[in-house]
Amino acid sequence: MATASVLVMALAGCTTASSTTTETAEATPEATATATETTSTATFAASTGDCDAMAATFRDVESANADLVDPELTAVCDGDTLTISSNSIPDYLYIATTPGSPKVSELTMTIPVTPTEADEPSAVPYLGALGVAVDGVPIYGPTEGTGGDVQSLEGALSVCGSHSGPTDFHIHWFGYADGVDCLYDADEVETGESLVVGWAADGYPIMSGVVCSDDECSETVQLTSSWELTDESQFATDTWAAHSYVEGSGDLDECNGRVDSDGQYRYYATTTFPYFLGCYHGEVADDALGGNNAAAPGGGPA
């Protein structure tokens, strides 16, 4: 099982993005530290119900890669929905470690301004986008083209948690490191301030899992998943079968989220499975995601 933050490989169905060789963040995939008695950041960077505020969480993207097409990203309000359109090109530095590089892949995601909690959680896709990052890069789940976990193959991801696949450039987990250009830099993440990683297809925000432990932010902690690796033999072939949800074992629910002190539900990025989402907490419209990287049928158990 791969435990390092910096990964370099070529795998079935994906080619990798790359990173510079620098000191990585303390939080690595398969870290086991447990955050206890954590409180939510007093002011949240993302809340639902205000379309203009939701749209404002998306960046005015600029090119960071002279050899790539410029990134394109729009977030447009229309009544009770927000539509995000992107060409999937990152706005942070891409350094190739294998053949291939990020290419244009049109993505659209239309989400409700006021999401509806589902009667029962629903499965996220095995492959394809489950949401979109604030820079327009598609967010994928924990599964690779092999069916195994993205961390089961050495070199699957860059330190930023992203890589290029046959369809698009995408992110599988929230990575950062000192001196590395990622979605956010380490100094931003390690303050524990509320950071929006992206939005899921059901309309709920996805946040950085590094949060303040109290209102004074006397220290920061990494929120932990409540999914546990219970069958290591399947980690590289069927990551959903390899993991089991154990209620209360971590800080977050089955979908990798929680209701914060303001009463709003948010997903949080974790350093272990499922990394972003374990399921959809809210209702997802059939046409929520469109484009070359729209989610393939199927998904992890919900």
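**Notebook: disulfides, salt bridges and a cavity**

I numbered the bonded cysteines of the protein chain in sequence order and found the pairing 1-2, 3-4, 5-6, 7-8. I note at the outset that the model is predicted.

**Entry 1, disulfides.** I counted four disulfides in the structure. I looked up three of them in detail.

I found C51 joined to C77, with an S to S distance of 2.1 Å. C51 lies in helix α1 and C77 in strand β3, so this pair ties together parts that are 26 residues apart in sequence. The torsion about the S-S bond of C51 and C77 is about -110 degrees, and the disulfide is therefore left-handed. I recorded C51 as buried, because its relative accessible area of 10% falls under 20%. C77, with 28%, is partly exposed.

I next turned to C160 and C182, whose sulfur atoms are 2.1 Å apart in a disulfide. This pair links distant parts of the chain, 22 residues apart: C160 is in the loop between β8 (138-140) and β9 (162-164), and C182 is in the loop between β10 (169-171) and α2 (186-189). The link of C160 and C182 is left-handed, with -80 degrees about the S-S bond. I noted both cysteines, C160 and C182, as buried.

I also examined the disulfide of C212 and C217, with sulfur atoms 2.1 Å apart. The link of C212 and C217 is left-handed, at -75 degrees about the S-S bond. C212 counts as buried at 7% relative accessibility, whereas C217 is partly exposed at 26%.

I recorded R59 as partly exposed at 24% relative accessibility and D91 as buried at 15%.

I then followed a network of salt bridges that links R258, D260, D262 and R266. Within it, R266 pairs with D260, their closest N and O atoms being 3.0 Å apart. R266 also meets D262, at 2.8 Å from N to O. R266 has 0% relative accessibility and counts as buried; D260 is buried as well. D262, at 37%, is partly exposed.

**Entry 3, cavities.** I found three cavities of 30 Å³ or more. What lines the second largest cavity? I listed W173, F174, Y176, V210, Q222, A269, T270 and T271. This lining divides into five nonpolar residues, three polar and no charged. The space in the second largest cavity is about 40 Å³.

Note on methods
Residues numbered from 1 in each chain as written. Predicted model: local features only at pLDDT ≥ 70, side-chain atom pairs only at ≥ 80, totals over all residues. Heavy atoms only, no water. 1 Å grid on protein atoms, 1.4 Å probe; cavity = no way out; pocket = protein on both sides within 12 Å on 5 of 7 lines; lining within 4 Å. Points joined across faces, edges and corners; volume = space filled by probe spheres on them. Nonpolar A, V, L, I, M, F, W, Y, C, P; charged D, E, K, R; others polar. Buried < 20%, exposed > 50% of the residue type's maximum accessible area, 1.4 Å probe, protein only. Salt bridge = Lys/Arg side-chain N within 4 Å of Asp/Glu carboxyl O. Disulfide = S-S within 2.5 Å. Helix = DSSP H or I, 4+ residues; strand = E, 2+ residues; numbered from the N terminus.
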